[in-house]
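Good morning, colleagues. I would like to take a few minutes to go through the aromatic contacts of one structure, and then one of its helices. Please have a look at it first.

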Amino acid sequence: MAALLVRGVRDMLKRADFATVPRRQRHKKKWASTEPKFPATRLALQNFDMTYSVQFGDLWPSIRVSLLSEQKYGALVNNFAAGDHVSAELEQLKARDFVNETVFHREPEPENSQTAAPSHVSWACSPNLRCFTFTRGDVSRFPPARLGSLGLMDYYLMDAASLLPVLALGLQPGDTVLDLCAAPGGKTLALLQTGCCRNLAANDLSTSRTSRLQRVLHSYVPQDVRDKNRVRVTSWDGRKWGELEGDTYDRVLVDVPCTTDRHSLHEEENNIFQRSRKKERQMLPMLQVQLLAAGLLATKPGGHVVYSTCSLSHLQNEYVVQGAIELLDNQYSIKVHVEDLTHFRKLFMNTFSFFPSCQVGELVIPNLMANFGPMYFCKMCRMT
Ligand SMILES: C[S@@+](CC[C@H](N)C(=O)[O-])C[C@H]1O[C@@H](n2cnc3c(N)ncnc32)[C@H](O)[C@@H]1O
């Protein structure tokens, strides 16, 4: 706890105004003249303060300080590379597999008991995933991943909340799967780890990012699984997918471009809050609706879609889900049903903090004791 607070305060001080630094310690940076007057990170914070203080009320100050502090990671064990020793090594670090601890290691529930729901849930989660995290309040870091004996890396470090959309997708053996916005590939890798994909189409509009995705696949997935018949990587505009391959997939993940809230507070490079990207930012909800609609059209009737973002914005989360559902109904007479994921709050309450008042879908909110997310995810079933 003490370490957590010290790190949190250190992060805040790093961000404190220059004016608070004593004069004798001030020095002009060499690149001062080229630094933007209003850094995009600062504009992002201003924007969040305006919108999220209204959206989250009393919760905002605690979310804010968590977003500005160091995030926590999860180590997704590479089933293709690792023997049990990797899990054992992670356990020795006092990390724990949050997926299996909560989902699969429950005591068997008696039939018809009131608590039968969580055990039923285990079958609705994608199987075979192992992801280690440090417990609440423990801000230890994982050592970098290592190359295993098969020439593949032993684990992949990611925001552990990013696994929730993949778990929610509920893959079943033999599924055909589409990952519409896949790069750099953390969730693609998790989809493959389930061992359920008969074939997987991983797409991303950006060719530079699909190259990164290819590198991740090379480092983590054996050649026979990467084989073209099983994993196909493309760089197409996901908005066209309904026309390209309509009614095709059992499961579709639509992990859209968004304001990437945590990243936008820390990185100037590629920051969507740069003034020059204002139009692009304003158009995001529209792009998100189009991508989700395309994902739904690419799904077989009876198939499932998970929509996800790493933003806290209702405009990019619930409103997009509602917009896409309306669009499909009005333009294609296709009915879509939102599935209830409230049990995720109970299942994963030891690991994540959930926002209690989402209209549709679930939202992991950053918290100093469990500094994951933000991650919004909503599961839908295409009925017709
Ligand atoms: C949030 S990121 C995806 C992260 C990825 N799912 C992962 O887990 O590593 C969103 C991605 O959408 C891609 N993108 C943006 N517009 C797109 C479009 N029209 N079609 C497909 N992908 C798009 C971006 O290049 C970006 O890589």
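I begin with a cluster: ring pairs link Phe-98, Phe-344, Phe-348, Phe-352, Phe-354, Phe-372 and Phe-377. Rings of Phe, Tyr and Trp (its six-membered ring) pair if their centres lie within 6.5 Å; planes under 30 degrees apart count as stacked, over 60 as edge-to-face and the rest as tilted.

A word on the basis of these values. This is a predicted model, in which local features need pLDDT of at least 70 and side-chain atom pairs count only at pLDDT 80 or more, while totals for chains, interfaces and linings use all residues. Residues are numbered from 1 along each chain as its sequence is written, and side-chain values use heavy atoms, with hydrogens and water left out.

In total, the structure holds 16 aromatic pairs. One of them joins Phe-352 and Phe-354 edge-to-face, at 6.4 Å centre to centre with 80° between the planes. Phe-352 counts as buried because its relative accessibility is 2%; buried means under 20% relative accessible area, exposed over 50%, and partly exposed in between (1.4 Å probe, protein chains only). Phe-354, at 13%, also counts as buried.

Let me turn to the helix. Helices (H or I, at least four residues) and strands (E, at least two) are DSSP runs, numbered from the N terminus. Why is helix 8, residues 186–193, largely enclosed by the rest of the structure? Because eight of its eight residues are buried, among them Lys-187 and Gln-193. After helix 8 comes Gly-195, with a positive phi near 70°.
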